[in-house]
Amino acid sequence: MTFVAPVTSLRGDIRVPGDKSISHRALLLGALADGVSEIRGLGRSADTMSTADAVRALGATVELDLDSDLIRVTGVGLRGLTPPAGPVDCGNAGTLMRLISGILAGQPGRFELIGDESLSSRPQERIALPLREMGAQIETTDGHAPLTITGGPLQPIRYELPVASAQVKSAILLAGLFAEEGPTIVVEPEATRDHTERMLRAAGVRVSKVGNEISVWPAQSLKPFSIDVPGDFSSAAPFLLAASLVPGSELRLHGVDVNPTRIGFLNVLERMGARISLYNRTVVGGEPVADIEVVASELVATQIDASEVPLLVDELPLFAMAAAVARGTSSVRGAEELRAKETDRIDTVVQALRPMGVRITEFPDGFKVLGVPARLRGGVVRSAGDHRIAMLGAIAGLYSKEGVRIEDAEAVGVSFPGFFSLLDSVVTR
Ligand code: S3P
């Protein structure tokens, strides 16, 4: 149990770890490149270490010097991954399992993918279906991991995503690298994060986007690359919210990825009245990056619909907290995907906030919150092993009257092992 006591302000200048989505992709594409790629600022966490271990098991070399920020990945070439003696363990990382499936679909050999209990309960037919359509042999276990993939020659497809998922989109685009001809086309119902497209282009692959259709052409090889991974907006988000809520706060977060497909939560907070400004805008590793300043202010309710959901899908638990203390009734709809995350995040968010006095109503595809502009009561939050719920518990605790005890708070290590110490470094109690 970790206890987060109420705070009187958050102040300072901080950096959050490298973006998790970009870190996974850099390790995966580095493993497929012809030669040595260099990654700086990789977000080290349980999830990205699962990816480093996976690509090592498949034959790539990853030099992770703990004293240096530089990671070298020696790739084995586009079709050079080899089946290890046993299964590849994806741990808790859904991104790893989905993206690597697209890659293994094009590799000669038979591969088995496993995950932890949470990952093994998440849906995998969503990737197996399109990859089978391309010609890969994929078996799921009743729609879940363990998966077995027998890769080989693939055909291009045009696939309309039934759910707006960057992971499914990326699995298909990565498989498209191995197709006998191009283009392989993915049609998105709503825009989702586009890190795969950006990084493929940087590695020399032809990728185009017209409207909501993304096309990728087969590649003969991938160029090794050098990338600086910008700060993870999803790790910045709890700090943005905390500093918006606690009066007297003033916080600057430096070098954060502000890719428009990721910063839905920033836009939603601004709509709610938050005082946030972006400055020092640059481009790092093909991604827009900025420093973010946030000053406390009072929030008002807002509504989120399906078109906005993918842009803040990992921040919706934090949105529930913002809504709880904003004036008026807020809601999110079209977010049934929350039920397929590390936990059923509609359920875990309701279970976390309702016992603290938050008036939250669950829908099949979202929730509604009747906000009261005052600190929460506090209490106990069970993370259920979900890193985003543990961080929600922390922000609820610092903007509460009595503090919050977080059960299984170590779950933050899935994406952000230093979360609690960074939080401690900016709060005044
Ligand atoms: C991710 C995409 C999102 C997100 C996950 C990371 C990615 O999943 O929830 O944390 O790196 O592509 P979906 O695109 O499946 O919603």
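1. Ala, Val, Leu, Ile, Met, Phe, Trp, Tyr, Cys and Pro count as nonpolar, Asp, Glu, Lys and Arg as charged, and the others, Gly among them, as polar. On that scheme, the shell around the ligand holds 2 nonpolar, 4 polar and 4 charged residues. Note that this is a predicted model.

2. Who makes up the shell? The residues around the ligand are Ser21, Arg25, Thr95, Ser165, Ala166, Gln167, Arg193, Val313, Asp314 and Lys341. By the scheme above, Ala and Val count as nonpolar, and the shell includes Ala166 and Val313. Asp, Lys and Arg count as charged; Arg25, Arg193, Asp314 and Lys341 are in the shell.

3. An N or O atom in the side chain of Arg25 is 2.7 Å from an oxygen atom of the ligand. For the side chain of Ser165, an N or O atom again sits 2.7 Å from a ligand oxygen. Ala166 takes part through its backbone: one of its N or O atoms is 2.6 Å from an oxygen atom of the ligand.

4. How much of the ligand does the protein bury? The protein buries 95% of the 390 Å² that the ligand exposes when taken alone.

5. Now the location. The ligand sits in the largest pocket. Two or more shell residues come from each of helix H1 (20-32) and helix H5 (166-176). At the domain level, domain 1 (2-17 + 230-428) gives at least three residues to the shell, and so does domain 2 (20-216 + 223-228).

6. Check the cis peptide bonds. The bond from Ala145 to Pro146 is cis, with omega near -5°. Pro146 belongs to strand E9, residues 144-151. Gly182 and Pro183 are also joined by a cis peptide bond, with omega about -5°. Pro183 is in the loop between H5 and strand E11 (184-187). H5 is also one of the helices that give two or more residues to the ligand shell.

7. One backbone angle deserves a look. Asn280 has a positive phi, near 50°, and is a residue other than glycine. Where does Asn280 lie? Asn280 is found in strand E16, which covers residues 275-284.

Terms used
Residues are numbered from 1 along each chain as its sequence is written. This is a predicted model: local features need pLDDT of at least 70, side-chain atom pairs count only at pLDDT 80 or more; totals for chains, interfaces and linings use all residues. Side-chain values use heavy atoms; hydrogens and water are left out. A residue is near a molecule or strand if one of its heavy atoms lies within 4 Å of it. A polar contact is a pair of N or O atoms within 3.5 Å; within protein, one must be able to donate a hydrogen and the other to accept it, and residues adjacent in sequence count only if both atoms are side-chain atoms. Accessible areas come from the Shrake-Rupley method with a 1.4 Å probe; for residues, only the protein chains shown count as cover. On a 1 Å grid over the protein atoms alone, a cavity is a set of points where a 1.4 Å probe fits but cannot get out, and a pocket is an open set with protein on both sides within 12 Å along at least five of seven lines; lining residues have an atom within 4 Å of a point. A molecule sits in a cavity or pocket if more than half of its atoms lie within 2 Å of its grid points. Helices (H or I, at least four residues) and strands (E, at least two) are DSSP runs, numbered from the N terminus. Domain bounds come from an automatic or database domain assignment.
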